[in-house]
Amino acid sequence: MGSWALAALVLGFLVVAVHGSEPWLNQTQVYSTNANSGSNGVFVGITLIQSAAAKGAVCLDGSLPGYHLHRGFGSGANSWLVNLEGGGWCNDVKSCVFRKSSRRGSSNHMESQLQFTGIMSNRPEENPDFYNWNRVKVRYCDGGSFTGDGADASAGLYFRGQRIWQAAMDDLMAQGMRYANQALLSGCSAGGVSTILHCDEFSGLFSGSTKVKCLADAGMFLDFVDVSGQREMRDFFNGIVSATAHHVILLFVMTGSGRSLPRSCTSRMDKTSCFFPQNVVPNIQTPTFILNTAYDVWQLQQSVAPKRADPQGLWRGCRMNHASCNSNQLQFLQGFRNQMLDAVRGFSGARQNGLFINSCFAHCQSERQDTWYARDSPRLGNKRIAEAVGDWFFDRADAKYTDCAYPCDGTCHHLTFRGDY
């Protein structure tokens, strides 16, 4: 493990940073807490997928994968919302060994219950369109956004994300999802990446009569040049893809698997490029909604102005609090926003797709109650995020919202941080 650890609870988010010799983003997790901004959402117990072991669909440490399912009722009894949990990545043996001793790599360390909030809430006043659906949170324990198919026996590591995805979908189909008349795949952060990578695969599970769409929240991790002129996210994602590719080659004959990333991308680009959602979304066939902040704080701290790219600490204040950014730094961040908007420009032109890009310093807005649907939630076009997503899914209205540049939006729920990251 790294030399020191820091934890801070800020605006309903728990931010855990573990520093070491490897890039510290390997082990950083940003996720909602059970105290989630006053939500009264139900607590849901975990179900381990007993059939997964025989399929080799196991977490990093070899334990069974799992999910939390809250059954739908009434008009939502045959509708399914499948949420893929987020929580960073590991990209080498050292970081994956560390990860397998946590809830991000082992079901032995997972909570027995999770509170369903935001888009997962069972309360109509908190989640007006999806509250009575069958709502599932698939736990994330492979470290590679539900991709990869291999193992490292010497390190006791299993890279079985693709098998976990398939085992979870098989189990949910047997639980009644095969009868769905409508289905939505969602996820935030690394789960947003997973949603984009698996969107068309999810759609392929159902017959043509089922209405299927995908919602990716905070998943647009950009291949951006950082403040030192390097590409931090490309270097990091290359570690994930290279390790995964190595293990896939070793096990290809045994498993017959080599298609963790969408072929619509890998047929024209290298695998590392195809881990970046900006290179996958242009070819997604399934209607998709992209929810993202134009100034994603995770990316600001870890790929735009990471500590290793800022040895003199000139960006320290800006990383921690947007109000501390000087004019030159804000101008640099406007460049990030411009690249974000360029990345979704073609995507947003398709009538079937939806978009909500607000100019907030935040990360993950669909699973937090205060940002999803509350009296003072962020708005664009006088629409809260829940309303925009609902309009898009149910075809009530065109739902493509792009904010003006910071600091024009007074509805944001900005995240600020304490400590030296």
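Colleague: Which residue forms a disulfide with Cys59?

Modeller: This is a predicted model, in which local features need pLDDT of at least 70 and side-chain atom pairs count only at pLDDT 80 or more, while totals for chains, interfaces and linings use all residues. Residues are numbered from 1 along each chain as its sequence is written, and side-chain values use heavy atoms, with hydrogens and water left out. A disulfide is taken as a pair of cysteine sulfur atoms within 2.5 Å. The sulfur atom of Cys59 lies 2.1 Å from that of its partner, Cys141.

Colleague: How many residues apart in sequence are the parts that Cys59 and Cys141 tie together?

Modeller: Cys59 sits in the loop between β4 (43-48) and β5 (66-70), strands being DSSP runs of E with at least two residues and helices runs of H or I with at least four, numbered from the N terminus. Cys141 belongs to the loop between β8 (134-138) and β9 (150-152), so the parts tied together are apart in sequence by 82 residues.

Colleague: Is the link of Cys318 and Cys325 left-handed or right-handed?

Modeller: The sulfur atoms of Cys318 and Cys325 are 1.9 Å apart, and both residues are buried, that is, under 20% relative accessible area, with exposed meaning over 50% and partly exposed in between (1.4 Å probe, protein chains only). The angle about their S-S bond is 85°, and the link is right-handed.

Colleague: What is the handedness of the disulfide of Cys360 and Cys412?

Modeller: Cys360 and Cys412 are joined with an S to S distance of 2.0 Å, and both are buried. Because the torsion about the S-S bond is about -80°, this disulfide is left-handed.

Colleague: At what angle do helix α2 and helix α3 pack?

Modeller: Axes are lines fitted to C-alpha atoms, for helices over the stretch in contact, and angles run from 0 to 180 degrees between N-to-C directions. For α2 (residues 161-174) and α3 (residues 190-203), the axes are 12 Å apart and the angle is about 35°.

Colleague: Which residues of α3 make the contact with α2?

Modeller: Contact means heavy atoms within 4.5 Å. From α2, the contact is made by Gln162, Trp165, Gln166 and Met169; from α3, by His198, Glu201 and Phe202.

Colleague: Which residues have the most contacts inside the largest nonpolar core?

Modeller: A nonpolar core is a set of buried Ala, Val, Leu, Ile, Met, Phe, Trp, Tyr and Cys residues joined through side-chain atoms within 4.5 Å. Phe202 touches residues including Trp165, Met169 and Val212, not counting residues up to four places away in sequence. In the largest core, of 80 residues, those with the most contacts are Trp89 and Phe202.
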